[in-house]
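Hello,

Here is the structure I promised to hand over. My notes on it follow below.

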Amino acid sequence: MTITVPDVMREVSNAFPKARWEGAFTLTGGRLNLDALLPGDWIAVEGSLRFDGIHQLDAEGRVPGAADEGFTGAVWLLSPPADFLRLCGEIAAWAETAAQPGVKRESFGAYAVEYPTNALGLTPDWRGAFAAQLRPWRRMAEEVPLC
């Protein structure tokens, strides 16, 4: 199972917003029409038909895999701290080697899912394994749509 930086941001309801632009945007050849963006920047996009969500710009300042389009919405420049990104790397490495638990019980009327827990009552997945390290980054409500 691959855990990404956006997965961890969604889990802690924190995308580390630094700046926000609203309006009409174009995406051509993978590039957004925002001069303020630099290669390697993290961004969040809302309003696009094709690439809403959190993305890291590549070495050429492009959104990897994005198709050309125009949209009206918002773009956030995100500034995740180096310590948070390092933790995301640790989580991703752990998730690649850890045995992932299955679902203990699942129902579909008013959907519910239950996962097996360990002796401490924690789900033995990355969220449980890294709960203490994630706590300082956690927010009660998201400032950026974390789709």
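Phe16, Phe84 and Trp137 form one aromatic cluster. This is a predicted model: local features need pLDDT of at least 70, side-chain atom pairs count only at pLDDT 80 or more, and totals for chains, interfaces and linings use all residues. Residues are numbered from 1 along each chain as its sequence is written, and side-chain values use heavy atoms, with hydrogens and water left out.

**Aromatic pairs**

Rings of Phe, Tyr and Trp (its six-membered ring) pair if their centres lie within 6.5 Å; planes under 30 degrees apart are stacked, over 60 edge-to-face, the rest tilted. That rule gives six aromatic pairs. Phe16 and Trp137 are edge-to-face, because their ring centres are 5.7 Å apart and their planes stand at 75 degrees. The two residues are 121 residues apart in the chain. Phe16 sits in the loop between helix H1 (5-12) and strand E1 (17-28), Trp137 in the segment after helix H4 (131-134). Helices (H or I, at least four residues) and strands (E, at least two) are DSSP runs, numbered from the N terminus.

Phe16 is buried at 10% relative accessibility. Trp137 is buried too, at 19%. Buried means under 20% relative accessible area, exposed over 50%, partly exposed in between (1.4 Å probe, protein chains only).

**Asp41**

Asp41 lies in the loop between strand E2 (31-32) and strand E3 (42-46). Leu38 has its backbone nitrogen 2.7 Å from a polar atom of the Asp41 side chain. Asp41 touches Ala36, His55, Gln56, Leu57 and Leu77, leaving out residues up to four places away in sequence; contact means heavy atoms within 4.5 Å.

Best regards

Terms used: A polar contact is a pair of N or O atoms within 3.5 Å; within protein, one must be able to donate a hydrogen and the other to accept it, and residues adjacent in sequence count only if both atoms are side-chain atoms.
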